[in-house]
Amino acid sequence: MSTAAAWPLDLLTLDEWDSLPVHESHRVECVEGVLVVSPRPSLLHQQVMLELARVLAASLPGHLVALPEIDVLVDEEPLTMRSPDIAVIERAAAQRDIRRASAADVVLVVEILSDGSRRTDRVTKLSEYAEAQIPEYWLVDPDAGRLLVHTLSAGQYVLSHDCTGLVTLTVAGADINVDISALGQF
């Protein structure tokens with residue numbers, strides 16, 4: 001049984017975030033100081049995430065690393081901490097701070113659409129990641145077999161690719177071959 005004292009009474013700070021327990025059964029993020037808890041992704045969602053992370057990791061230059069479900073500090077005040085399905089970050093940043101990545105160290109975030117996250121991923125996170133100046137934002141729609149690539153331009157994301165099937169995309173100067181239709185296959 002939990003008590004009210006275990007939950008923050010005001011907007012969460014970074015120090016308070018760091019003191020929270022790890023929740024394996026739920027995904028926990030913080031949006032403008034407010035905790036947001038959602039169920040763990042479905043098996044299909046996880047399969048797409050892991051396969052795409054594998055594809056990215058195999059093709060990225062050595063100074064970058066693709067990591068699933070890491071904390072990304074989007075804004076410190078009010079605290080916005082997101083846990084994108086995949087974040088491509090500078091390897092040096094991962095070695096410098098093993099708790100989280102700063103948005104400044106992220107070159108690409110990937111979100112996989114699911115029933116409970118479509119609006120958040122398409123609208124809220126699109127805006128947050130653009131304001132944080134993350135160069136690319138990919139949205140994967142496993143139901144439609146589509147990958148939408150948003151590229152930062154003048155502080156806003158512009159849809160640069162709407163992909164299906166086998167595509168070659170460039171991330172930080174590296175060509176990445178992605179078979180979108182094969183991502184969700186077990």
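Q: To start with the tyrosines, are Tyr129 and Tyr137 buried or exposed?
A: Both Tyr129 and Tyr137 are buried, where buried means under 20% relative accessible area, exposed over 50%, and partly exposed in between, with a 1.4 Å probe and protein chains only. Please keep in mind that this is a predicted model, in which local features need pLDDT of at least 70 and side-chain atom pairs count only at pLDDT 80 or more, while totals for chains, interfaces and linings use all residues. Residues are numbered from 1 along each chain as its sequence is written, and side-chain values use heavy atoms, with hydrogens and water left out.

Q: How many aromatic pairs are there?
A: The structure holds 2 aromatic pairs; rings of Phe, Tyr and Trp (its six-membered ring) pair if their centres lie within 6.5 Å, and planes under 30 degrees apart count as stacked, over 60 as edge-to-face and the rest as tilted. The ring centres of Tyr129 and Tyr137 are 5.1 Å apart with the planes at 70 degrees, so this pair is edge-to-face.

Q: And what about the rings of Tyr137 and Tyr157?
A: Their centres are 5.8 Å apart and their planes stand at 35 degrees, so that pair is tilted. The pair links distant parts of the chain, with Tyr137 in strand 9 and Tyr157 in strand 11 (residues 156–163), 20 residues apart; helices (H or I, at least four residues) and strands (E, at least two) are DSSP runs numbered from the N terminus.

Q: Why does Tyr157 count as buried?
A: Tyr157 counts as buried because its relative accessibility is 12%, and Tyr137 does so at 0%. Tyr129, Tyr137 and Tyr157 form one aromatic cluster.

Q: Switching to the core, which residues have the most contacts inside the largest one?
A: Those are Leu52, Leu56 and Trp138, in a nonpolar core of 27 residues, that is, a set of buried Ala, Val, Leu, Ile, Met, Phe, Trp, Tyr and Cys residues joined through side-chain atoms within 4.5 Å. Its largest share, 6 residues, comes from helix 2. Elements that each supply at least two residues include helix 2 (43–59), strand 8 (106–112) and strand 9 (136–141).

Q: What does Trp138 touch?
A: Leaving aside residues up to four places away in sequence, its contacts (heavy atoms within 4.5 Å) include Leu52, Leu56, Val110, Leu148 and Leu169. A second, separate core of 19 residues includes Val72, Tyr129, Ile134 and Leu148.

Q: How many salt bridges does it hold?
A: The structure holds 15 salt bridges, each being a side-chain nitrogen of Lys or Arg within 4 Å of a carboxyl oxygen of Asp or Glu. In one of them, Arg27 meets Asp85 with the closest N and O atoms 3.0 Å apart, and both residues are buried.

Q: What does Glu29 form a salt bridge with?
A: Glu29 pairs with Lys125, the closest N and O atoms being 3.6 Å apart. Because Glu29 lies in strand 1 and Lys125 in helix 4 (residues 118–131), the pair ties together parts that are 96 residues apart in sequence. Glu29 and Lys125 are buried, and they belong to a network of salt bridges that also links Arg82, Glu111, Asp121 and Glu128.

Q: How far apart are N and O in the salt bridge of Arg40 and Glu69?
A: They lie 2.8 Å apart. Arg40 is partly exposed, with a relative accessible area of 31%, and Glu69 counts as partly exposed at 26%.
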